[in-house]
Amino acid sequence: MTAAERPLGVAIVGGGPGGLYAAALLKRLDPARRVTLWERNAPDDTFGFGVVLSDETLGGIEHADPHVHTALRQHLVRWDDIDIVHRGVRHTSTGHGFAALGRKRLLHLLHERCHSLGVDLRFRTRAPDAASLSAQYDLVVAADGVHSTTREAYAHAFRPRSTGHRCRYIWLAADFAFDAFRFEIAETEHGVVQLHGYPYAPDASTVIVEMREEVWRATGFDTLDERESVERCAKIFTDALGGRPLRSNDSAWTTFRTVVNERWSHRNLVLLGDAAHTAHFSIGSGTKLAVEDALTLAACLDEHPDPAAASTAYEAERKPVVASAQRAARASLEWFENIGLHLDQPPRRFAFNLLTRSRRVTHDNLRLRDSRFTDAVEREFGCPPGTPPMFTPFRLRGLTLRNRVVVSPMDMYSAVDGVPGDFHLVHLGARALGGAGLLMTEMVCVSPQGRITPGCTGLYTGRQAEAWRRITDFVHQRAPGTAVGVQLGHSGRKGSTLPMWQGMDEPLPDGNWPLVAASPLPYKPGGQTPRELSRARLTDLREQFTAATRRAARCGFDLLELHCAHGYLLSGFLSPLANRRTDAYGGSLAERLRFPLEVFDAVREAWPAERPMTVRISATDWSPGGTSADDAVEIARAFAAHGADAIDVSTGQVVSDERVEYGRSYQTPFADRIRHEVGVPVIAVGAISSWDDVNSLILAGRTDLCALGRPHLYDPNWTLHAAAEQGYSGPGAPWPAPYRAGSRPPRTGRTDAPGPRSRLKS
């Protein structure tokens with residue numbers, strides 16, 4: 001028998017739902033395969049109690065193995081509601097659709113299916129080491145959990161990263177069924193404790209109790225045994241449990257760890273489930289993801305008989321899906337870690353915030369599920385009838401914005417000698433007509449040496465000021481109600497470079513100008529080394545900012561933003577990675593803040609008192625040793641104390657070797673924290689792309705304004721189109737008179753075909 005004719009041998013390490021389902025599918029799709037599964041524990045040994053499966057996952061199971069789906073369906077508990085109990089008040093949102101069953105029941109069904117198909121199940125048996133299995137089998141599936149020994153044996157190939165988090169939690173059960181997915185918040189003398197509960201049988205519910213590590217210790221859980229912990233948890237949540245006890249199953253307090261692997265396959269080894277990835281239980285995804293891994297792996301092996309090719313296809317298909325789930329889970333996890341920030345929100349907005357915490361449930365799809373709940377939240381927020389949250393006004397000092405949308409500053413690199421020309425008039429004018437409440441310029445430089453590229457605009461000459469006045473006049477005259485703001489900045493060590501589309505942050509081939517910065521450190525290897533600014537030069541720079549501010553005021557700008565982000569000059573003073581000074585302007589955070597605050601004070605004094613001023617900051621450097629989220633709170637607090645009307649919260653671009661954790665509205669949690677801890681209005685920015693995102697973030701109280709850049713490049717009328725798509729035509733988004741005929745989406749096809757007639761049917 002040739003190798004191609006020999007039945008495929010598959011070894012599976014780990015007998016959880018993912019490993020068992022993979023075994024069943026692989027055997028079902030080709031009964032000739034030799035599928036062997038090792039599980040070191042007994043068949044009924046398991047942690048946790050209930051398992052939640054989505055309709056999408058169940059659909060995949062039904063398609064792949066109707067027998068398993070039929071067996072599962074007989075034991076599923078289904079419900080639609082989520083209850084959120086906070087400060088004694090319960091709010092219910094419906095229309096969500098959940099299905100769950102007991103974990104032991106799920107394992108039993110999968111055991112039966114594997115036995116019926118002829119899978120060799122070896123319980124109470126440790127698997128041979130990965131190297132031996134790899135030599136004996138064509139494919140080795142490591143489904144051995146978060147502490148996977150297979151993964152660790154080949155850590156050099158899989159390159160795993162494991163990140164711990166701030167909360168302790170314990171899996172428990174109650175001998176009654178909740179009638180909804182229940183989140184209950186208990187505010188104890190030691191801090192916040194939360195309950196996550198859901199039914200998994202007609203007479204049983206999973207109960208997870210979670211709290212911050214410091215709360216866990218202060219409450220004394222670190223000194224209690226298992227029984228005492230269970231009793232203490234039941235006492236804290238007496239009302240939720242109706243006085244009933246909780247039970248455990250060798251339950252222990254643990255800290256969740258997020259596992260990420262750079263690679264999921266190596267030679268004939270492949271990772272599955274928690275061995276490959278973990279996602280926080282608050283979005284109910286662990287077993288779901290493992291089962292979906294099994295579905296995809298089996299399908300790929302069916303499509304690609306070569307195990308190596310199948311493993312590559314499996315990894316390529318599943319990694320992006322899992323990465324998205326992990327981002328949502330991380331957002332949910334961090335929301336619960338920082339739940340104390342939100343406790344004082346109005347009760348319905350708190351509930352809405354919790355429901356939308358992962359960013360997967362949004363204002364729009366929650367409205368589809370439960371419009372009564374969403375309407376109640378909007379009324380509590382203060383939305384007039386028929387007005388989406390994004391079209392409510394917002395006041396900054398003497399300026400009232402008609403809606404919450406900001407056209408984010410976007411460098412165009414299209415000026416000549418710093419003078420904005422026709423391009424800028426058309427670019428900014430079009431977006432002013434497009435309906436946003438606030439239109440921001442690109443970073444306008446305060447000196448020729450402060451430019452990023454030769455194409456950057458400035459406000460260091462009278463000619464530049466005249467050109468800007470032309471633009472502000474157009475906005476105020478042709479787009480009344482649109483405010484226009486100027487962002488002032490200095491490039492620092494990131495200047496004298498090519499335009500972005502020719503080579504981002506690459507130095508000019510010729511015509512370079514000398515750079516200055518907090519410290520003589522180039523932005524990237526091979527880049528120009530800046531000169532460290534002396535005290536005399538700091539004074540000169542402060543005067544340059546002040547002179548540009550006076551010009552901006554005369555130009556008629558409604559708002560001024562000081563750019564202290566993205567590694568430019570003032571940002572470079574704030575970051576310990578860019579500021580290594582040993583004088584009064586370097587060292588501690590307070591000392592690193594000194595010069596940016598001096599500039600802010602000088603600009604605030606020169607800027608008209610009735611006009612607002614904001615500050616853009618990088619809330620993290622995305623690099624070890626750099627600005628942290630804790631630092632960002634203190635930076636924001638300092639600027640607010642000096643008179644900043646709002647903080648524009650961005651991140652990164654401070655060092656060239658940053659490792660950014662991108663994702664949907666990924667910078668918003670930093671804005672959320674600053675808003676609640678400092679008590680200052682914030683502008684959220686970064687990967688906010690839809691009007692649904694904007695409504696969700698505003699209504700949840702995570703931000704006051706949303707700045708969007710790329711969506712406005714794609715569509716200058718983004719805000720007006722958002723209004724039209726939501727059926728809104730109020731004062732928050734008035735169409736310019738010449739454009740009113742286009743205020744409804746155009747029809748895209750014929751609608752005049754004759755309708756069906758029942759009498760004409762055969």
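How many helices and how many strands are there in the protein chain? In this predicted model, the chain contains 26 helices and 29 strands. Its radius of gyration is 29 Å, close to the 27 Å that the globule rule gives for 762 residues, so the chain is as compact as a globular protein of that length.

The C-alpha trace spans about 85 × 70 × 65 Å along its principal axes. Of the 762 residues, 59% count as buried. The chain exposes about 31,400 Å², and carbon and sulfur atoms supply 49% of that area. As for contacts with a separation of 6 or more, 72% of them are accounted for by residues 24 or more positions apart.

The partner of strand 8 may be examined in detail: strand 2, residues 34-39, pairs with strand 8 in the parallel sense over four bridges. Within this pair, L37 stands opposite L121 in strand 8.

Strand 9 runs parallel to strand 1, to which four bridges join it. It also pairs with strand 17, residues 269-271, in the parallel sense over three bridges. V141 takes part in both pairings: it is the bridge partner of I12, and it stands opposite V270 in strand 17.

Strand 3, residues 50-53, pairs with strand 7 in the antiparallel sense over four bridges, and L53 stands opposite A99. Strand 4, residues 77-79, is likewise antiparallel to strand 7, with three bridges; here the bridge partner of V77 is A100.

Let us move to the nonpolar cores. In soluble globular proteins, nonpolar side chains tend to be buried together. The largest nonpolar core in this model has 128 residues, of which L459, F639 and I674 touch the most other members. Leaving aside neighbours within four places in sequence, F639 is in contact with C564, L593, P596, L597, F600, V615, I617, A644 and I647. Apart from this core lies another, of 65 residues, among them L76, L101, A275 and A310.

Three helices remain for discussion. In helix 15, residues 371-381, the buried residues are F373, T374, A376, V377, E378 and F381. An α-helix has 3.6 residues a turn, so residues three or four places apart point the same way. Against what do the buried residues of helix 15 pack? They pack against strand 6 (89-93), helix 13 (347-355), helix 14 (363-369) and helix 24 (691-700). Just after helix 15, G382 takes a positive phi of about 110 degrees.

In helix 19, residues 535-555, I draw attention to T549. Is T549 buried or exposed? T549 has a relative accessibility of 0% and counts as buried, because the threshold is under 20% relative accessible area. Beyond its neighbours within four places in sequence, T549 is in contact with L488, L560, V603, A606 and W607.

Finally, S332 lies in helix 12, residues 307-337. S332 is also buried, with a relative accessible area of 0%. With neighbours within four places in sequence set aside, its contacts are S282, I283, R357 and S358. How far is the C-alpha atom of S332 from that of R369? These two residues are 37 residues apart along the chain, and their C-alpha atoms are separated by 20 Å.

Terms used
Residues are numbered from 1 along each chain as its sequence is written. This is a predicted model: local features need pLDDT of at least 70, side-chain atom pairs count only at pLDDT 80 or more; totals for chains, interfaces and linings use all residues. Side-chain values use heavy atoms; hydrogens and water are left out. Two strands pair if DSSP finds at least two bridges between them. Helices (H or I, at least four residues) and strands (E, at least two) are DSSP runs, numbered from the N terminus. The radius of gyration is taken over C-alpha atoms; the globule rule is 2.2 Å times the number of residues to the power 0.38. Buried means under 20% relative accessible area, exposed over 50%, partly exposed in between (1.4 Å probe, protein chains only). Contact means heavy atoms within 4.5 Å. Accessible areas come from the Shrake-Rupley method with a 1.4 Å probe; for residues, only the protein chains shown count as cover. A nonpolar core is a set of buried Ala, Val, Leu, Ile, Met, Phe, Trp, Tyr and Cys residues joined through side-chain atoms within 4.5 Å.
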